[in-house]
Each structure stands twice: as C-alpha cells, then as structure tokens.
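Open the model in a viewer and keep the selection panel at hand. The stops below are side chains to pick one after another.

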Amino acid sequence: MKNIIILCGAFLFLITSNEVKSQSKKQKEVTIAYPKNNQKVRGAHKIYGGSEPNAVIKLTIISTYYKTNNNNGTKITKGEGPLKRLNRTYSLKSDRYGIWKIENIDLTNVGFEESFVIKASDGKTEKTITVYDRTRPVLID
C-alpha cells in the first residue's frame, strides 16, 4: 500500500512539473505598457512594454492629423481627412527580463487634432494602440 502511495505521488509530481514546463515555454506576447490605449499625450514621452527576453522589437509610430488654420481652427483640408506625418520606425532590443523602452519621443500635435498609432512587433506577435493630442496651440500676438 505504501509503495502505491509513493508511486501515485511521483506520478502526480511528474504530471504537474511537465505542465509548468510547457506553460513557461509559451510565446510571451508583445505588450505596450505605457502609454495606454486612448490616452491623451503631449510632449516628450517614454514608450515601454514587454516581450520575450532579448527579443528584437520593431516599434512604429504613425501620426495622423488634420491641418488647421491657426486663427480660428478651421480645417484647411476642407474635411478631406487626415494627413500622415512623422512615420517613424525604431528597432529596439528587450533586456533579459523582456522589458523594452524608448525615451524622448515627441508626441505633440502640429495642428489642433492629432492621433498617434503606436505598434510594437517582434515578428511573431504585435500590439497596437492609439493615443491623441488635441491641445490647441497658444497664439502669441
């Protein structure tokens, strides 16, 4: 009876240790921790997130804005839609803990309404968020 209990215990230990190993080998998805999706931004920002340790991350920032008239805020493009500006791509490497970051990215509008699409990809998984800056610039006479 004692041998049967020991065998059952050993069998349960092997099953649970195999499950833990298989869970730890799953692909860790790319994340963007900051800024958050649909967050208001203005000025220089740090963008950071997580991924597999030592992964190469391709970070793409695409800006879309409506060109406006500085005096009264009317859209110069007559409602034809957004114009793209500042399409930037960076190559980053995550550290041994899987954390990646980039600093001093200027997320300031050039008109009265601008959105920034931020996409991080490691070639296997990707995460996309959108942030915005709708602050009206100060006019100095």
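Select K101 to begin: this residue is partly exposed, with a relative accessible area of 48% (buried means under 20%, exposed over 50%, partly exposed in between, with a 1.4 Å probe and protein chains only). The model is predicted, so local features need pLDDT of at least 70 and side-chain atom pairs pLDDT 80 or more, while totals for chains, interfaces and linings use all residues. Residues are numbered from 1 along each chain as its sequence is written, and side-chain values use heavy atoms, without hydrogens and water.

K101 and E103 form a salt bridge, with the closest N and O atoms 3.2 Å apart; the term requires a side-chain nitrogen of Lys or Arg within 4 Å of a carboxyl oxygen of Asp or Glu. E103 is partly exposed at 41%.

How many salt bridges does a search of the whole structure find? It finds 2.

Next, select R42 and D133, whose side chains meet in a salt bridge at 2.6 Å, N to O. R42 lies in the loop between β1 (31–34) and β2 (44–50), and D133, 91 residues apart from it, in strand β7 (residues 126–133). Strands are DSSP runs of E, at least two residues, numbered from the N terminus. R42 is partly exposed at 36%, whereas D133 is buried at 0%.

Finish at S121, in strand β6 (residues 113–121). S121 is buried, with 16% relative accessibility. The side chain of S121 reaches the backbone nitrogen of G123 at 3.2 Å. Leaving out residues up to four places away in sequence, S121 touches V30, V56, I57, K58 and E126, where contact means heavy atoms within 4.5 Å.

Terms used: Helix = DSSP H or I, 4+ residues; strand = E, 2+ residues; numbered from the N terminus. Polar contact = N/O pair within 3.5 Å; in protein donor to acceptor, adjacent residues only side chain to side chain.
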